[in-house]
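Dear colleague,

I am handing over the structure we spoke about, and below it I have set out what was found. Please read the notes with the coordinates open beside you.

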Amino acid sequence: MHFGFLDPNASLGRRYSSLGLSISNFDTKLLTNASSSIEVFGDVCNSEIKKTILSLIIKLQNHFQSSKGLVVELISVPPRHCGFGTGTQLGLSIAKSFCIHYCYPFNINELSVIVGRGSRSGIGIAAFQSGGFVIDGGKSNYALPPPLLIQKKFPDSWKILLMLDNSKTGLHGNDEKEAIKRLPKFEKKISSHLCHETLLRILPAVVEKDFNSFASGLNEIQRIMGNYFSPVQGGSNFLSKEVETLVGWLTKNYNIAYGQSSWGPTGFAIFESHELLIKALNDAKKERLINSSMHTVICEASNVGASVEKLNDS
């Protein structure tokens, strides 16, 4: 999940700088084999994903000056353009597999550039590398992705309710680029405030497992960033009105950390315990706040990076 930027206008020379969290239950899983040709298939592999994977492999072939192919069976992949960083996870998974099969060096920063990831945020790259709660240092003038500054284990007892609106997708591609161009200037004093909240409220709270301070800090960042991006997502802090309504009800009745991941439409509510989350979810269902276009998923932080399992010797 992407929680927001700290300095979109590079007031000190480094643009964006992000904070986010790696989560469970939305894994990208694929089975690959070395091959002289390229083959992509799988029950969850639609035409868009297949085209993306083909393009990724070709980029890797060009980078390594190789004619070697790859057979890819896609087992699972999170919803595309919904705030899960699916493009980054898929791109790095293909790159990692290609390098392992053919004994090429896997430099995550270099290959992130090759597969077209990390142009703004380094959260997806950091999540792939190490998992947990992560903060990147923003983009300088160099081509490399933002550096990972901090990675901390997220408290296991804090649980996450994700709210997905199946009727919408977040901004991406050229639409995302054009939307960013239309955003107003981000004031330096606001950026300083966000950095202050991150360094002296959110980070210590994660380390000390102080939920109230964590929620206070993250909600402040989400409020400010939501207001900043609202002009390009319908005048609201949330892309989905249904998600916004459910989050609004939860904030009035429960102590939560809440917001929207990236461009949405996925919203999140972090609870201090599993018991509180279940009670809130049951109460929301009684209030009929979850309609047919929405579904909810309970998950938790993933405090480890991507893993590779060798199934045979071929």
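What is the order of the strands in the open sheet of 3 strands? In this predicted model, the order is β3-β5-β4, and the pairing within the sheet is mixed. Strands β3 (29-35) and β4 (38-41) stand at the edges with a single partner strand each, so one side of each is left without a neighbour in the sheet. From one strand to the next the twist averages 10°. Strands β3 and β5 (residues 69-76) run antiparallel and are joined by 7 bridges, and within this pairing Thr32 has Val72 in β5 as its bridge partner.

Two helices are in contact with this sheet. Helix α1 packs on it, touching β4 and β5, and the direction of α1 makes about 150° with that of β4, whereas α2 lies across β3 and β5 and runs at about 35° to β3.

The helices also meet each other. The axes of α1 (residues 47-64) and α2 (residues 86-102) come within 10 Å and cross at roughly 45°, and the two helices are therefore oblique to each other; the crossing in which α1 passes α2 is right-handed. On the α1 side the contact includes Ile49, Ile53, Leu56 and Phe64, while the residues they meet in α2 include Leu90, Ile94 and Phe98. Taken together, the residues of this contact divide into 11 nonpolar and 3 polar, with no charged residue.

A further point concerns strand β6 (residues 133-136), which is covered on both faces: Phe133 and Ile135 on one side are buried, as are Val134 and Asp136 on the other. In general, side chains in a regular strand alternate between the two faces of the sheet. Strand β6 pairs in the antiparallel sense with β2 (residues 16-21) over 3 bridges, with Gly20 standing opposite Val134, and β6 also pairs in the antiparallel sense with β7 (residues 148-152), over 4 bridges, where Phe133 stands opposite Lys152.

Between Ile150 and Gly132, which are 18 residues apart in sequence, the C-alpha to C-alpha separation is 9.7 Å.

With kind regards

Methods: Residues numbered from 1 in each chain as written. Predicted model: local features only at pLDDT ≥ 70, side-chain atom pairs only at ≥ 80, totals over all residues. Heavy atoms only, no water. Axes fitted to C-alpha atoms, helices over the stretch in contact; angles between N-to-C directions. Parallel < 35°, antiparallel > 145°, perpendicular 65-115°, else oblique. Left-handed = near helix turned anticlockwise from the far one by under 90°. Contact = heavy atoms within 4.5 Å. Nonpolar A, V, L, I, M, F, W, Y, C, P; charged D, E, K, R; others polar. Buried < 20%, exposed > 50% of the residue type's maximum accessible area, 1.4 Å probe, protein only. Pairing = 2+ DSSP bridges.
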